[in-house]
Amino acid sequence: MDFLPPPIAAYAEAHTAPEPPLLARLARETWVNVPYPRMLSGHGQGRLLSLLAKLIRPRRILDVGTYTGYSALCLAEGLAPGGELHTVDANDELASLVNRYVAEAGLTDVVHCHWAPAAEVLPTLPGPFELVFLDADKENNALYFSLIIDKVPPGGLIIVDNVLWSGKVTPEWWVPHQRPDNATQAVRAFNAAVLTDARVEPLLLPVRDGLLLLRRR
């Protein structure tokens, strides 16, 4: 998932704004107690999400794939006054942990958690969302994008995580192996589809496992 040489990655993190203490505690608790902690955005990516949100100053943010709430809390740092963030995840076993950290951040009235499959929740959420973070099951990236795109106004931003998929998207990885798994095929197909979608302007950043920035035209 991390493609930079360790000394370069460490240098980059050392020259990035520090991780807020609350988020550092959440990251630590996630790594100690929650399965698949690599799903956490983490320090560097979290600061990038925060910075992008602060640049846009959205009134409404959509976070698809809550996990333990780290990305939602980072994005919420950039909300305009009176704004709100909706976050969606099917795994309600993490609800108590997420709610505890949302409360500690003083965002109980700002962050709205939806514990149900995204395919069911997204059609019920009215737009607009000026900023969207898509970090759920990769096989459904195209579905979620189709449910989201018309809720994003011109100039809005959709950020899609894990678009490099640990390098499995590249021919250098999958040609020597057997047929790519379903998730890899889905990520590759989605990346190719949005590249020619006239509704968005794409930029793929090789940050951590790959972030695809899609500006709504």
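**Contacts, helix packing and an aromatic pair**

Apart from its neighbours within four places in sequence, Ser50 touches Cys74 and Glu77, contact here being heavy atoms within 4.5 Å. This is a predicted model, so to speak: local features need pLDDT of at least 70, side-chain atom pairs count only at pLDDT 80 or more, and totals for chains, interfaces and linings use all residues. Residues are numbered from 1 along each chain as its sequence is written, and side-chain values use heavy atoms, with hydrogens and water left out. Ser50 itself sits in helix H3 (residues 42-56); helices (H or I, at least four residues) and strands (E, at least two) are DSSP runs, numbered from the N terminus. With a relative accessibility of 1%, Ser50 counts as buried (buried is under 20% relative accessible area, exposed over 50%, partly exposed in between, using a 1.4 Å probe and protein chains only).

Next up is a helix pair. Helix H2 (residues 21-33) and helix H5 (residues 95-104) have axes that come within 11 Å and cross at roughly 165 degrees, the axes being lines fitted to C-alpha atoms over the stretch in contact, with angles from 0 to 180 degrees between N-to-C directions. That puts H2 roughly antiparallel to H5 (over 145 degrees; under 35 is roughly parallel, 65 to 115 roughly perpendicular and the rest oblique). On the H2 side, Leu22, Arg25, Leu26 and Glu29 meet Leu97, Arg100, Tyr101 and Glu104 of H5. Sorted by class, this contact has four nonpolar, no polar and four charged residues (Ala, Val, Leu, Ile, Met, Phe, Trp, Tyr, Cys and Pro are nonpolar, Asp, Glu, Lys and Arg charged, and the others, Gly among them, polar).

As for aromatics, the structure holds one pair. The ring centres of Phe145 and Phe190 are 5.8 Å apart and the planes are at 75 degrees, so the pair is edge-to-face (rings of Phe, Tyr and Trp, the last by its six-membered ring, pair if their centres lie within 6.5 Å; planes under 30 degrees apart are stacked, over 60 edge-to-face and the rest tilted). Phe145 belongs to helix H7 (residues 141-148) and Phe190 to helix H9 (residues 182-195), so the pair ties together parts 45 residues apart in sequence. Phe145 is buried at 6% relative accessibility, and Phe190 is buried at 3%.

Finally, Pro123 is in the loop between helix H6 (118-121) and strand E4 (131-134). Its relative accessible area is 48%, which makes Pro123 partly exposed. Beyond its neighbours within four places in sequence, Pro123 contacts Ala118, Leu147 and Lys151.
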